[in-house]
Amino acid sequence: MEKKLKVYIAGPVRGVIGYREKFEDAEWILRGNGCEPVNPTKIPLGESFDDEQFMVICRELVSMCDAIFLLDGWENSIGAREELRVYLDNHRMCEYTAGNAIVMLQTEFKNGKEYDFSPLPEPEPVRETYPF
């Protein structure tokens, strides 16, 4: 069985009417591209969990994913920005990814962009030059 790319969906929730539908639309897009979507809005938590406790779970989930899909308006969401930071931090530190984070923007999918999920080439080493 071929391993599917696990893609975490991040986007604004608080104050967004119909946010669940937006996350479900992203799931549909990702499944259609052969990915396994990870939708945090489907985490079954009781009302006794506060936002910070929920974010602990989200940080852990995003750190285990291969890519992150940012819904429109993600930059206005404290939670989505934190999830992106955690994703990038984890994928810079993991040797197997060689710093090749895959960040997908919903806007690009709407504009017909297709993603090549094959590994990116190794980055060129940085050589420091000194003016003296």
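Helix 1 is followed by G34, whose phi is positive, near 80°. Helices here are DSSP runs of H or I with at least four residues, strands are runs of E with at least two, and both are numbered from the N terminus. The model is predicted: local features need pLDDT of at least 70, side-chain atom pairs count only at pLDDT 80 or more, and totals for chains, interfaces and linings use all residues. Residues are numbered from 1 along each chain as its sequence is written, and side-chain values use heavy atoms, with hydrogens and water left out.

Helix 1 spans residues 19-32, 14 residues in total. From first C-alpha to last it reaches 20 Å, close to the 20 Å expected at 1.5 Å a residue; the expected span is 1.5 Å times one less than the number of residues. Its buried residues are F23, A26, E27 and L30. They cover an arc of only 105° around the axis, which puts them on the same side of helix 1. That arc is taken from the directions from the helix axis to the C-beta atoms. On the other side, W28 and G32 are exposed. Buried means under 20% relative accessible area, exposed over 50%, and partly exposed lies in between, with a 1.4 Å probe and protein chains only.

Now place the helix in the fold. The protein has four helices and four strands. From the N terminus on, they run β-α-β-α-β-α-β-α. Strand 1, helix 1 and strand 2 make a right-handed β-α-β unit. Right-handed means that, with the strands pointing away from the viewer, the path from the first strand over the helix to the second runs clockwise.

Strand 1 (residues 6-10) has partners in strands 2 and 3. Three bridges join strand 1 to strand 2 (residues 36-38), and the two run parallel. K6 has E36 as its bridge partner in strand 2. Four bridges join strand 1 to strand 3, again in parallel. Two strands pair if DSSP finds at least two bridges between them. Y8 has I68 as its bridge partner in strand 3, and A10 stands opposite L70. Strand 1 is mostly covered: four of its five residues are buried.

Strand 3 covers residues 67-70. In a regular strand the side chains alternate between the two faces of the sheet. Here A67 and F69 point one way, I68 and L70 the other, and all are buried.

Which residues touch the most other members of the largest nonpolar core? They are V7, Y8, L30, A67, I68, F69 and M104, out of 25 residues. Such a core is a set of buried Ala, Val, Leu, Ile, Met, Phe, Trp, Tyr and Cys residues joined through side-chain atoms within 4.5 Å. Strand 1, helix 1, helix 2 (51-63), strand 3, helix 3 (78-93) and strand 4 (102-105) each supply at least two of its residues.

Two members deserve a look. Leaving aside neighbours within four places in sequence, Y8 is in contact (heavy atoms within 4.5 Å) with residues including V38, C58, L61, I68 and E83. M104 lies in strand 4. At 0% relative accessibility, M104 counts as buried. Its C-alpha is 4.6 Å from that of F69, 35 residues apart along the chain.
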